[in-house]
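Please look over the sequence and the model shown here before reading on.

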Amino acid sequence: MTLTMPASSPTPAPDAARPRVLPARIAGLPQLARNLAWSWNRDARALFREIDDTRWHQLRHNPLLLLQQVSDARLAELAETPAFLARYDRVMRWLAAERSDEHTWYARTYPELRDRPIAYFCAEFGFHDSVPIYSGGLGVLAGDHCKSASDLGLPLVGLGIFYRDGYFDQRIRPDGWQEDSPDTFALDSVPIEAVPGRDGAEHLTTVRTFGRDVHIRVWRMQVGRVPVYLLDSDLASNPPDDRPLLSKLYAGGPALRLRQEWLLGVGGVRVLEALGIAPAVWHANEGHAGFMLVERVRALCASGVTYGEAGRRLRAPRASPTHTPVPAGHDQFGVDQVAECMGPIWTEMGLTREQVLALGFHPEAGPTSFHMTALCIRLSRRVNGVSERHGAVSRTLCRPLWTGRAADTVPIGHVTNGVHLATWMANPMMQLLDEHLGTDWGTLRTPELWAQVLTLDDERLWGVHLRLKHVLMRLVREEARRSFARRSLEATQLVGAGTLLDPYALTIGFARRFATYKRANLLFRDLDRLKALVTNSARPVQIVFSGKAHPADTPGKQVLQEVYQWTRDPQFAGRIAFVEDYGMHLAHLLVQGVDLWLNLPRVPLEASGTSGMKAALNGVPQLSTVDGWWEEGYDGTNGWAIEPALDDDTGTRTAHRLYELLETQVVPAYYERNAEDLPLTWLRMMKHAMRVAGTHFTGRRMVEQYVRAYYAPSILGDALQDDPPTA
């Protein structure tokens with residue numbers, strides 16, 4: 001099944017630019033640019049790159065901006081270039097095939113479910129750097145989930161928010177303090193189209209909150225076969241205070257976040273109803289979307305169904321992953337504030353205010369808090385963590401919801417996260433696998449296939465890796481040059497931005513959100529040992545940091561400031577760098593171009609972590625504490641692990657073991673070379689990293705597991721495995 005828009009034509013966005021007219025022979029390029037499937041199709045990416053290679057890189061691979069800026073003369077030339085036209089025709093045939101799911105895995109495996117849509121709600125989606133409506137791991141995971149669902153042919157529909165002002169642009173002051181500046185983007189730079197309301201109205205639905213109606217405009221984004229609907233309140237018909245409600249991601253504190261989550265949950269359900277889409281499964285990616293459950297119960301009760309029956313029906317087709325093992329990471333709001341936000345919906349449900357608010361009660365949060373994860377658990381058929389360890393931690397955290405139960409009997413399972421291979425593996429690495437495994441290797445996921453990477457030619461694999469490393473170093477220098485031209489950076493800031501990095505030195509990458517439990521500053525626990533590592537003239541080590549701290553996370557900003565200040569210290573000889581404004585574009589080059597990926601979360605606070613998976617797909621081993629996915633992924637051949645017994649509260653033993661591994665195992669393995677200057681021990685590690693990641697940690701595996709363990713059983717109506725906790 002392929003989900004399409006209603007028959008009426010979409011109304012152009014009033015503030016979107018009029019598209020230019022292209023030569024008839026290549027007139028399909030804008031259509032290609034407006035389906036984000038181009039971003040993971042190698043032929044499509046090469047097609048846009050061929051239009052203007054320099055501009056393509058300057059625009060960070062944004063095809064809409066490229067088509068706006070390229071000259072008419074160049075387009076006319078391309079319309080008469082046989083090689084370009086042959087590639088264009090091939091890509092357009094592929095794009096046409098993307099409109100059908102006829103030959104996909106899902107159609108073959110579950111042909112009877114092709115017309116049963118799956119609604120996927122998430123507060124953020126990270127599809128591509130050119131669509132900045134994500135903050136980090138949760139959004140990128142949601143993007144990879146949608147892309148993998150498209151590849152497999154699932155009838156998935158995404159629901160999210162169109163953050164016109166994005167997340168934030170990061171700038172680091174000379175003293176190392178993070179400054180958060182707006183990240184507003186032009187509508188004609190992102191592949192969206194407005195969805196018209198009834199009788200040509202701008203808004204598609206209305207949600208009442210805090211005593212007044214908020215009109216919701218909807219935008220549609222196509223991600224391969226998957227349509228994603230994004231909610232927007234920036235309409236003249238809304239009061240001025242309500243227009244920016246959905247404009248900024250994770251901003252404004254709990255009061256704004258509550259409104260955003262209410263509008264996403266309630267508005268998302270009503271949008272699907274207005275579009276005539278009746279989901280068979282409702283998937284909440286984290287508790288942010290939990291209010292969709294309240295709206296579903298309200299609608300059923302308003303239709304005459306009793307509250308008890310509504311809850312039973314609702315749980316039948318629901319799945320809800322939780323993504324954080326940190327208690328503070330689960331959204332909680334004051335019950336009075338939630339009641340005011342909801343308004344008196346309990347009257348429509350035939351309930352009391354207290355009964356509705358009890359849906360969000362968590363014994364350890366207390367009676368004055370509304371706990372979004374508790375809400376999701378009470379109204380979901382299945383709940384899962386996002387790694388095996390995280391599932392166990394979640395059972396312990398959520399055990400108080402089931403009075404008298406042991407933690408190991410709490411009905412919370414797990415589906416370990418995975419990453420979208422075609423998005424995160426570098427083109428040169430994929431080309432190498434084409435030659436070695438055959439061109440259809442990307443659709444296969446057998447241990448036997450991935451075991452064949454162990455026989456990759458060492459010289460060719462190392463050559464590809466060095467090429468990717470040089471690309472990263474070039475980007476780091478160019479970013480430093482741009483920052484200097486834009487802000488007249490001091491000399492020490494230029495050094496700290498990575499201008500002195502050596503493409504031949506062992507390069508460690510550490511890039512993620514700067515939260516205290518991720519311990520980016522652990523490397524600086526023993527400065528003498530670190531200095532000895534990075535300044536060794538025969539075997540130098542260099543470290544590239546990148547990442548953002550949440551605007552409201554002052555401790556996280558302090559860790560970032562500490563790390564940044566060390567990049568300017570001359571004792572480290574310019575071998576420690578911090579690259580500003582971490583996003584998907586930079587993430588691609590980092591996971592593809594460093595030699596070693598470093599991850600140091602305090603166990604067991606990392607729910608899953610996916611950056612190490614992305615690095616591994618590119619042959620980059622990981623050194624990590626044994627947390628999240630690494631507990632399942634580490635097998636002794638594909639990287640290094642800091643033993644759980646050495647992970648202490650102060651980090652002292654962890655840091656000691658980190659230095660010890662670097663000094664005695666990591667650095668020697670990288671620099672021990674044969675007569676051809678190949679690090680054979682390191683290359684074996686690279687191959688095993690690819691083998692493990694390709695076999696077990698792709699988005700294809702993750703979504704297939706969701707289908708088999710959650711989606712299909714929910715649609716087919718198997719018996720409930722366990723009763724949910726009572727309110």
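**A cavity and a helix pair**

Helix H9 (residues 253–274) gives the most to the lining of the largest cavity, with four residues; helices here are DSSP runs of H or I with at least four residues, numbered from the N terminus. The model is a predicted one, in which local features need pLDDT of at least 70 and side-chain atom pairs count only at pLDDT 80 or more, while totals for chains, interfaces and linings use all residues. Residues are numbered from 1 along each chain as its sequence is written, and side-chain values use heavy atoms, with hydrogens and water left out.

The lining of this largest cavity consists of Ala123, Ile161, Tyr163, Tyr250, Arg257, Gln260, Glu261 and Leu264, and by class these residues divide into five nonpolar, one polar and two charged. The volume of the largest cavity is about 40 Å³, and the structure holds six cavities of 30 Å³ or more. A cavity is a set of points on a 1 Å grid over the protein atoms alone where a 1.4 Å probe fits but cannot get out, and lining residues have an atom within 4 Å of a point.

In contact, meaning heavy atoms within 4.5 Å, Val476, Arg477, Ala480 and Phe484 of H20 meet Leu494, Ala497, Gly498 and Thr499 of H21.

Note on methods:
Helix = DSSP H or I, 4+ residues; strand = E, 2+ residues; numbered from the N terminus. 1 Å grid on protein atoms, 1.4 Å probe; cavity = no way out; pocket = protein on both sides within 12 Å on 5 of 7 lines; lining within 4 Å. Points joined across faces, edges and corners; volume = space filled by probe spheres on them. Nonpolar A, V, L, I, M, F, W, Y, C, P; charged D, E, K, R; others polar.
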